[in-house]
Amino acid sequence: MNRLAGFLVGMVGLALAVSSDGALAATECNTGPPPNAPLSGTVVGGVVVNAGDFCVLGGANVSGGVRVNAGGILFACASTINGGIVANGAANLIIGAEEIGCPGSVINGGVQISDTGPDDFPSGPPSIALERSAIHGAVHLTGNQGHIAVATDTIAGGLFCSNNAFDLDDEHDRGGTLPVVTGVIRCEFGD
């Protein structure tokens with residue numbers, strides 16, 4: 001038994017040594033707004049968007065997820081994000097918005113967006129647009145102060161809202177449809 005315990009302790013130590021030496025830092029993304037070139041290709045270790053940064057992912061394949069910090073802006077178009085998206089206090093999150101020619105993305109992991117906005121919709125984009133994308137994880141929208149468009153998506157994991165200033169918009173007046181959600185829906189869609 002002592003030999004098994006020693007073996008397990010050794011394996012845990014080896015795993016920690018390998019993972020700490022091989023840890024990858026997130027790529028900071030600040031491409032600037034279009035027409036600047038987007039971040040594309042394979043990105044390992046995740047992406048972070050900091051305050052005041054404007055990040056456009058265009059055809060990117062991100063491993064390690066995306067984090068948008070307070071004041072950051074993210075546009076994700078035709079990209080695959082493995083590890084989900086977490087945003088707290090972002091200025092804008094636009095994923096797959098048809099109005100700007102941004103194809104949908106695939107998000108393998110959950111989406112957690114809180115405290116985003118306010119916005120100047122309808123003269124500008126909504127604070128949050130999750131459109132025409134496949135999301136393989138739950139979507140949580142909490143305490144957002146701007147408008148939120150959730151249209152023509154597939155969401156596997158549920159759709160949850162709390163304390164947002166506005167109900168969700170499915171963009172049916174612009175050709176959008178309600179998302180297809182596998183799991184619980186705890187959001188209201190407005191007219």
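**View 1. T152 sits in a loop between two strands.** T152 lies in the loop between strand 15 (148-151) and strand 16 (154-156). Strands are DSSP runs of E with at least two residues, numbered from the N terminus. This is a predicted model: local features need pLDDT of at least 70, side-chain atom pairs count only at pLDDT 80 or more, and totals for chains, interfaces and linings use all residues. Residues are numbered from 1 along each chain as its sequence is written, and side-chain values use heavy atoms, with hydrogens and water left out. T152 is not a glycine, yet its phi is positive, about 55°. Buried means under 20% relative accessible area, exposed means over 50%, and partly exposed lies in between (1.4 Å probe, protein chains only).

**View 2. R132 has a positive phi.** The phi of R132 is about 50°, although R132 is not a glycine. R132 belongs to the loop between strand 12 and strand 13 (134-136). With 34% relative accessibility, R132 counts as partly exposed.

**View 3. A cis peptide bond joins P34 and P35.** Omega for this bond is about 15°. P35 is part of the loop between strand 1 (27-28) and strand 2 (39-44).

**View 4. The peptide bond from G117 to P118 is cis.** Here omega is near 5°. Where is P118? It lies in the loop between strand 11 (111-114) and strand 12 (128-131).

**View 5. S79 is buried in a loop.** The loop that holds S79 runs between strand 6 (73-77) and strand 7 (80-82). The relative accessible area of S79 is 2%, so S79 is buried. Which residues does S79 contact, leaving aside its neighbours within four places in sequence? They are L57, G58, G59, A60, G104, S105 and V106. Contact means heavy atoms within 4.5 Å. The side chain of S79 also reaches the backbone nitrogen of A60, at 3.0 Å.

**View 6. Residues 1-22 have a pLDDT below 50**. pLDDT is the predictor's confidence in each residue, from 0 to 100. The protein averages a pLDDT of 88, and 87% of the residues score at least 70. Where pLDDT is low, the predicted coordinates should not be read in detail.

Terms used. Helix = DSSP H or I, 4+ residues; strand = E, 2+ residues; numbered from the N terminus. Polar contact = N/O pair within 3.5 Å; in protein donor to acceptor, adjacent residues only side chain to side chain.
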